[in-house]
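These entries record what I looked up in this structure.

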Amino acid sequence: MDSAEYLATIDSLCALDLTAGHGESGAVVAGPGYRAVELMVSHGLPTGDASGRIPTAEDFHALKDHLAQRLNERWGEQQPPWGTVTLGVRLDRGEEIPEPWATVSVLVDELHLWHVDHADRWVALGVADREENDEVRLLTVVTHIDPP
């Protein structure tokens with residue numbers, strides 16, 4: 001896929017009826033009011049091999065930043081990158097964090113985040129690269145649920 005196809009995927013998610021609670025292919029988490037979808041996944045990274053993982057993660061972050069720039073052109077400047085570490089701390093304390101934000105906070109350290117007024121949706125982009133034994137994933141989240 002190229003960036004135009006990723007943007008088209010985000011557009012289709014923004015147009016989707018999010019009231020249904022079913023998942024779809026590529027969904028990391030889906031439910032009433034939200035979808036978190038993998039736009040791109042590294043396949044076959046050797047576990048524990050930083051020499052392959054680090055450049056791959058850097059490439060995913062560069063693509064995320066490129067897409068963020070394109071979305072800024074479309075929807076206006078994004079909010080400052082939103083760190084999710086605090087959400088993890090709140091989860092550890094037993095606080096209830098609504099989906100999709102609870103799951104995303106476990107996967108991603110930082111999100112680019114926009115409120116798309118015409119669609120009354122939040123759109124987020126992030127790279128899931130925390131777990132050394134897991135694939136690197138570029139994720140997008142589309143939801144009408146406000147971030148906590």
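**Entry 1: the nonpolar cores**

I looked up the largest nonpolar core and found that it holds 23 residues, with I10, L67, W75 and V123 having the most contacts inside it. I then noted which elements supply at least two residues each to this core: helix 1 (3–15), helix 2 (50–75), and strands 2 (34–41), 4 (110–116), 5 (121–128) and 6 (137–143). Helix 2 gives the most, with seven residues. I recorded that the model is a predicted one.

I next examined V123. Leaving aside residues up to four places away in sequence, V123 touches I10, C14, W75, H112, L113, W114, V116, T140, V141 and V142. I also found a second, separate core of 19 residues, which includes A36, A128, L139 and I145.

**Entry 2: the fold**

I counted four helices and six strands in the protein chain. Their order along the sequence reads α-β-β-α-β-α-α-β-β-β. For contacts between residues at least 6 apart in sequence, I noted that 60% join residues at least 24 apart.

**Entry 3: size and surface**

I compared the radius of gyration with the globule rule: a compact globule of 148 residues would have a value near 15 Å, and the protein chain agrees, at 15 Å. The C-alpha atoms fill a box of roughly 45 × 40 × 30 Å along the principal axes. Of the 148 residues, 42% are buried. I noted an accessible surface of about 7500 Å², with 49% belonging to carbon and sulfur atoms.

**Entry 4: charges**

I found 10 positive and 26 negative side chains, and the centres of the two sets lie 3 Å apart.

Methods: Residues numbered from 1 in each chain as written. Predicted model: local features only at pLDDT ≥ 70, side-chain atom pairs only at ≥ 80, totals over all residues. Heavy atoms only, no water. Rg over C-alpha atoms; globule rule 2.2 N^0.38 Å. Buried < 20%, exposed > 50% of the residue type's maximum accessible area, 1.4 Å probe, protein only. Contact = heavy atoms within 4.5 Å. Areas by Shrake-Rupley, 256 points an atom, 1.4 Å probe, with all protein chains shown as cover. Lys, Arg positive; Asp, Glu negative; His and termini not counted. Charge placed at Lys NZ, Arg CZ, Asp CG, Glu CD. Core = buried A, V, L, I, M, F, W, Y, C linked by side-chain atoms within 4.5 Å.
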